[in-house]
Amino acid sequence: MKLNFKFFTIKRHLRDKLANSWMLICLSFVIIMPLVIGIGLIYKSGPLLRENSLSSLLFSSDWRPMSGHFGLLTFIVSSVWVTVLALLIAGPICLLSSIHLTQYAQPYVLKIMHPVIDILAGIPSVIYGVWGILLIVPFVSHDLAPFFGMQSSGYCLLSGAIVLAIMIIPFILNILIEVFKTIPNELSEASLSLGATKWQTIKFVLVKKAFPGIISAFGLGISRAFGETIAVLMVTGNVTKIPTGAFQSGYPLPALIANNYGEMLSIPLYDSALMLSALVLFVIVLIFNGLSRIFIMRVEKNT
Amino acid sequence: MSDFRFIEEKIFRVIMFISTAVIALALLLILASILYKGLPAISWEMLSQTPSGGFYFGKHGGILNAIIGSAYLSIGATALAFCVGLPVALYMNVHLAKRKKLINMIRFFLDLLWGVPSIVYGAFGFGIMIFLGIRTSLLAGIVTVTIFIIPIMVRGMDEVLKTVPRGLLEASLSLGSTKSETAYRVFFKQGFAGLITAFLLSFGRAIGDAASVLFTAGYTDSIPTSLMQPTATLPLSIFFQLSSPIEEVRVRAYASAVVLTLFILFISLLSRYTSKRYQKNKIQF
């Protein structure tokens with residue numbers, strides 16, 4: 001009986017040790033992963049960086065892979081256009097809607113909107129792309145562009161931005177709702193008791209207090225939008241020319257990577273150039289993401 | 001003056017209501033337009049056959065290769081991610097429960113990873129494949145998607161396990177169970193409802209993502225029979241069919257989009273249902 005018990009404890013502790021070490025292995029794997037990705041991308045874009053300086057690659061719009069010119073400026077500018085436009089559309093909608101949902105709306109509205117947000121966040125980007133082609137592209141080409149007195153095929157930066165805006169709305173909205181919920185009630189109560197109207201309280205107390213949170217929600221939206229690939233690839237037109245207006249076609253960075261993988265192995269340094277674009281994407285997204293997260297953590301600490 | 005204050009509020013209330021309505025309307029528009037275009041084109045043939053000759057010119061065949069391929073890929077990836085993700089989430093909340101700073105750093109790290117675009121994972125995976133001399137295959141796709149969804153799954157599970165009361169941890173440890181027993185027997189069961197949601201959410205991500213499988217899983221017309229063969233996936237099948245100039249093929253892309261959308265909706269409903277159903281297994285405090 002005694003022996004049996006001993007055996008049991010040994011087995012138990014062995015199992016505990018095994019389980020713990022597996023947990024640790026997994027944890028270190030997860031933590032090392034971003035470093036591995038970063039180093040891998042740097043290593044892979046090395047051959048190109050050895051022949052050209054980084055700034056000459058990033059700030060040149062000369063994209064002729066056949067003769068070894070890999071200027072990424074066109075693609076970066078397109079990406080910035082699409083992202084900024086998407087945020088301009090999604091930002092105000094999310095801000096207003098989150099105020100509405102947290103301050104004014106009946107509980108049942110929130111109950112309806114929660115699944116709506118979840119489903120919007122869950123829809124794959126290809127579906128957004130299909131929707132963009134079905135609805136947004138014709139809308140931009142037939143209605144929006146003539147309205148502004150422009151000509152457009154519809155496959156343009158604005159279509160990409162509209163589709164992207166809908167895609168990032170659930171992310172921004174979710175964070176904004178959380179941010180508004182963390183603001184203590186006493187603040188608005190104090191403001192209301194001093195005779196301010198509800199709207200004044202929202203404008204001068206709530207939004208002011210939530211401002212860092214709002215900025216970081218937008219930052220997270222930017223990092224989402226910047227890396228989105230398939231949907232953007234499907235609706236922006238993919239023309240290698242620096243765009244100068246919202247109704248022109250563009251060629252964002254992720255689309256470049258996705259479109260050119262097929263032929264990249266046949267042209268020297270091409271794969272290196274695409275890895276460099278992936279690296280640029282990685283770094284920009286990490287910066288935006290990291291700053292916004294740090295901002296949010298500060299906000300949570302203060303309240 | 002005081003009138004203007006209320007007029008301003010009224011105007012903004014209307015605008016705010018419209019913003020909320022726009023969001024709900026956008027979802028309705030997406031679902032409606034895809035169902036409207038795609039539903040008429042769905043047929044049993046499409047769902048039950050692989051592409052035959054001339055499929056991409058509008059001839060016979062279906063997208064079974066993509067449906068099965070996507071199922072293999074996402075089930076494989078989610079299962080692998082679960083084996084890595086669950087221990088990490090449990091470790092963070094049981095073993096590291098006292099070390100708040102360290103946990104916050106890990107969370108920050110995971111959030112960073114979570115935001116990395118899937119195309120970067122795809123490019124990275126492809127780089128590794130060239131390095132190792134592997135060609136596009138189901139296995140490469142599974143591994144890439146696994147790496148891509150691990151942070152999503154861990155963060156989802158972590159959010160759930162965070163809410164497990166500390167008293168439960170202390171009670172379990174004081175009864176003499178080891179930390180790993182506490183993790184798998186107590187925390188796992190207490191958080192089960194939420195863990196399923198996190199699991200299904202990652203599954204939805206895995207099945208819907210196109211950019212990460214574009215270069216790693218490849219594309220073929222047949223159903224893969226081994227891990228080393230390339231495989232078709234639903235998102236890519238939609239993408240390729242839609243870029244065809246032929247109307248019949250494009251219509252089929254819409255139909256495939258309906259299949260994918262319905263699948264995602266089903267997962268979303270399922271996760272809602274299961275999380276409600278298992279909610280009552282929780283110990284109440």
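Domain bounds here come from an automatic or database domain assignment. On that basis, chain B divides into domain 1 (2–41) and domain 2 (45–279). Please keep in mind that this is a predicted model, where local features need pLDDT of at least 70, side-chain atom pairs count only at pLDDT 80 or more, and totals for chains, interfaces and linings use all residues. Residues are numbered from 1 along each chain as its sequence is written, chains are lettered from A and ligands numbered from 1 in the order in which they are written, and side-chain values use heavy atoms, with hydrogens and water left out.

**Between the two domains of chain B**

- The C-alpha centres of domain 1 of chain B and domain 2 of chain B are 31 Å apart, and their contact (heavy atoms within 4.5 Å) takes seven residues from domain 1 of chain B and nine residues from domain 2 of chain B.
- About 630 Å² is buried between these domains, with carbon and sulfur atoms giving 85% of it; buried area is the accessible area (1.4 Å probe) that two parts lose on being put together, summed over both.
- B:Ile34, B:Lys37 and B:Ala41 supply 56% of the area that domain 1 of chain B buries against domain 2 of chain B, more than any other three residues.

**Between chain A and chain B**

- Contact here takes 82 residues from chain A and 80 residues from chain B.
- The area buried between chain A and chain B is about 7200 Å², of which 79% comes from carbon and sulfur atoms.
- Five salt bridges are counted between chain A and chain B.
- The side chains of B:Glu181 and A:Arg12 meet in a salt bridge, at 2.9 Å from N to O.
- Helix H1 (residues 2–51) of chain A gives the largest share of the side of chain A that touches chain B, 22 residues; helices (H or I, at least four residues) are DSSP runs, numbered from the N terminus.

**Around B:Ser137**

- B:Ser137 sits in the loop between helix H5 (118–132) and helix H6 (138–162) of chain B.
- B:Ser137 is buried, with a relative accessible area of 0%, where buried means under 20% relative accessible area (1.4 Å probe, protein chains only).
- Not counting residues up to four places away in sequence, B:Ser137 touches B:Thr216, B:Ala217, B:Leu227, B:Met228, B:Gln229 and B:Pro230.
- The C-alpha atoms of B:Ser137 and B:Pro224 are separated by 9.0 Å, with the two residues 87 residues apart along the chain.

How values were computed: A salt bridge is a side-chain nitrogen of Lys or Arg within 4 Å of a carboxyl oxygen of Asp or Glu. Helices (H or I, at least four residues) and strands (E, at least two) are DSSP runs, numbered from the N terminus. Buried means under 20% relative accessible area, exposed over 50%, partly exposed in between (1.4 Å probe, protein chains only).
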